[in-house]
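Here are my notebook entries for a first visit to this structure. Keep it open beside you while you read.

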Amino acid sequence: MTDAVQTHSTPSDANAAFKPRVFSGIQPTNHLQLGNYLGAVKRFVDMQGSGIETLYCIVDLHAITVWQDPADLTRATRELAAGYLASGLDPAKSILFNQARVPEHTQLAWVFNCVARMGWLNRMTQFKDKAGKNRENASVGLFAYPNLMAADILTYHATKVPVGEDQKQHLELARDIAIKFNNDFGVDFFPVPDPIIEGVATRVMSLRDGSKKMSKSDPSDMSRINLTDDADTIAKKFRKAKTDPEPLAETVEGLAGRPEARNLVNIYAALGDSTAEAVIAEFGGRSFSEFKPKLADLAVAKLSPLSSEMSRLMQDPTEIDRVLEAGAERARTIAAPILKRTYDIVGIVT
Ligand code: TRP
């Protein structure tokens, strides 16, 4: 996690009473792509087995805050689980599960609906972006989304949350909810979770526009590498990736103001577990027509074993479901007592 930038850290002893615990989640929408892999899943793998307990969730209930075709949602849930497993997340080292199987998330989210203020949620930029001009027609779930996310984290008393830059504001909100709950009830019950924001080196941008994050929802499939793409498709997407007419810079500083060049260098570095400096030392001054095929070769070499393992796993959905079910059972052993204590604090008779 050398490139992780930790922001908003709590005073060093604020979470001292809590066992360090990592929680993160990804929505099962569309196909898993290179950005999720390098920016999220690969980091999840790195954090596992480091002595800290790790929980990685497939957040199906967040996915349905916008319309999902039911058959697609089912497929995407299993595909994301297969992606987790194929990337090296290990059910013996991490708790892997889908959110809806652990009802404590939604139960705690209701309590948080009553803690968070309308004004806080009104400020969420992701809601404004996703709701667009027609706010009146957005689902209530989309508005309350950050409260459920806070519940995901806090129902495990998780202290560390690896997320992308775009989730920083939601993490702030989770912290505000934890603080307000503790203040309202005069307890020190919830930790104030720290985001671990991805570093620039693992932030993968669109292949069509170096200023936009690579995204599962971009209408152009050429903008992203899906983990299910075959070798020819991967090579073609890199060949056609947007660049500028200059050759690669001779120094990393020389990539400033050249987002597309920077992105391809970062992808090469992240795939090869190397650094932008090392990539520039090797390819600085060379043309993109030379660099892009090398990048495609590296991507195919790294991703094809992963995608074949994913397809192998996808042939046995019953086994995937069994892994998720077993993960959910373990998750509940942590979540249920925390929900019970929350209800006790609030005065709810259970
Ligand atoms: N909102 C996150 C995203 O879209 C996904 C998510 C849901 C999440 N719950 C979470 C991430 C809890 C971290 C912790 O990327």
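Predicted model: local features only at pLDDT ≥ 70, side-chain atom pairs only at ≥ 80, totals over all residues.

At roughly what angle do the axes of helix α7 and helix α8 cross? I found that the axes of α7 (residues 140–154) and α8 (residues 168–185) cross at roughly 70 degrees and come within 9 Å. Axes here are lines fitted to C-alpha atoms over the stretch in contact, with angles from 0 to 180 degrees between N-to-C directions, and helices are DSSP runs (H or I, at least four residues) numbered from the N terminus. The two helices are therefore roughly perpendicular (65 to 115 degrees) to each other.

Residues are numbered from 1 along each chain, and side-chain values use heavy atoms, without hydrogens and water.

Next I looked up who touches whom, contact meaning heavy atoms within 4.5 Å. Among the α7 residues in the contact with α8 are Y145, P146 and M149, and H170, L171 and I177 are among those of α8.

Then I turned to the domains, whose bounds come from an automatic or database assignment. Domain 1 covers 12–197 + 316–346 and domain 2 covers 221–313. Their centres, taken over C-alpha atoms, are 30 Å apart. Each domain gives 16 residues to the contact.

Definitions and conventions:
Parallel < 35°, antiparallel > 145°, perpendicular 65-115°, else oblique.
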